[in-house]
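Subject: Structure for your review

Dear colleague,

Please find below the structure that I am handing over to you. My notes on it follow, arranged by topic.

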Amino acid sequence: MRIPAAPLAIAAAIAASVAFVTLAAPPGGGDIPAAQAAPAPAFTHIDTWLNSPPLDMAALRGKVVLVDFWTYTCINCLNHLPYVKDWDAKYKDQGLVVVGVHTPEFAYEKSTQNVKDAIQRLQIRHAVAQDNSYGTWKAFRNQYWPAVYLIDKQGRIVYSHFGEGSYGATEKKIQALLAEPAPAS
């Protein structure tokens, strides 16, 4: 039995797009193969920067950047936060820059004062970008709270993890990325 060419072409296109999505962002996260590592998008449509002046992805080249999508009422984010804070404290002097991208799930989480209060209550010292319009969330094609993206010194997303867990694997990846040479100027 022969299948007409049009359905075969459609099936091939679907298979190719599924393969791309699977390789570009593993379902549970993890290492992204070097050949598939995409440049990290810019921080987009940030309402307010807290604990830091505005950060620019291009200016962070040569650093390892951990982007953490979170919101202050998400229990999974709160369970995950001690690890993020620990990595910031432990590795910031070695070249790690942690950016918490606060993306609200509920309307009251859009209040800058509420986010400031949460930052103080939770003793967050790293940069926090308030992403009320989901600009950066969409630029990263993110779908989860919490979600971690590691960006290498070349400015490429090379690792991701969605949800709680894999803290040991994430820390090992941070260490490996910090050990890599800085890009040539």
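Please note that the model is a predicted one. The helix itself spans residues 112–121, and its buried residues are Val115, Ala118 and Ile119. Viewed down the axis of α3, these residues fall within an arc of 100 degrees, so they line one face of the helix. On the face turned away from the buried side, α3 carries the exposed residues Gln120 and Arg121. After the helix comes Gln123, with a positive phi near 55 degrees.

**Overall organisation and confidence**

The chain has 185 residues, of which 45% count as buried. It contains 5 helices and 7 strands, and from the N terminus on these elements run α-β-β-β-α-β-α-β-α-β-β-α. Among contacts between residues at least 6 apart in sequence, 75% join residues at least 24 apart.

The average pLDDT of the chain is 88, and 84% of the residues score at least 70. Residues 1–25 call for caution: pLDDT stays under 50 there, and the model has 7 contacts beyond four places in sequence for this stretch. Where pLDDT is low, the predicted coordinates should not be read in detail.

**Nonpolar cores**

Which residues touch the most other members of the largest nonpolar core? They are Phe43 and Val67, in a core of 22 residues. Strands β3 (64–70), β4, β5, β6 (147–151) and β7 (157–162) each supply at least two residues of this core. Not counting residues up to four places away in sequence, Phe43 touches Trp49, Leu55, Met57, Leu60, Val67, Val99, Val101 and Thr136. A second, separate core has 16 residues, among them Ala37, Val64, Val148 and Ile174. As a general point, nonpolar side chains tend to be buried together in soluble globular proteins.

Val101 and Val67 are 34 residues apart in sequence, while their C-alpha atoms are 6.8 Å apart in space. Beyond its neighbours within four places in sequence, Val101 is in contact with Phe43, Val67, Asp68, Phe69, Trp70, Ala129, Asp131 and Thr136.

**Salt bridges**

- Lys90 and Asp86 form a salt bridge in which the closest N and O atoms are 3.7 Å apart. Both residues lie in helix α2 (residues 75–91), 4 residues apart, which is about one turn of the helix. Lys90 is partly exposed, with a relative accessible area of 41%, and Asp86 is likewise partly exposed at 37%.
- Lys90 also meets Glu171 in a salt bridge, at 2.9 Å from N to O. This pair links distant parts of the chain, with Lys90 in helix α2 and Glu171 in helix α5 (residues 167–179), 81 residues apart. Glu171 is buried, at a relative accessible area of 17%.
- Asp152 and Arg156 form a salt bridge whose closest N and O atoms are 2.6 Å apart. Asp152 is buried, with a relative accessible area of 2%, whereas Arg156 is partly exposed at 30%.

Through shared partners, salt bridges join Asp86, Lys90 and Glu171 into one network.

**Cysteines**

The count of disulfides comes to 0. Cys74 is buried, with a relative accessible area of 11%, and Cys77 is buried at 2%.

With kind regards

Definitions and conventions. Residues numbered from 1 in each chain as written. Predicted model: local features only at pLDDT ≥ 70, side-chain atom pairs only at ≥ 80, totals over all residues. Heavy atoms only, no water. Buried < 20%, exposed > 50% of the residue type's maximum accessible area, 1.4 Å probe, protein only. Arc of directions from axis to C-beta. pLDDT = per-residue confidence, 0-100. Contact = heavy atoms within 4.5 Å. Salt bridge = Lys/Arg side-chain N within 4 Å of Asp/Glu carboxyl O. Core = buried A, V, L, I, M, F, W, Y, C linked by side-chain atoms within 4.5 Å. Disulfide = S-S within 2.5 Å.
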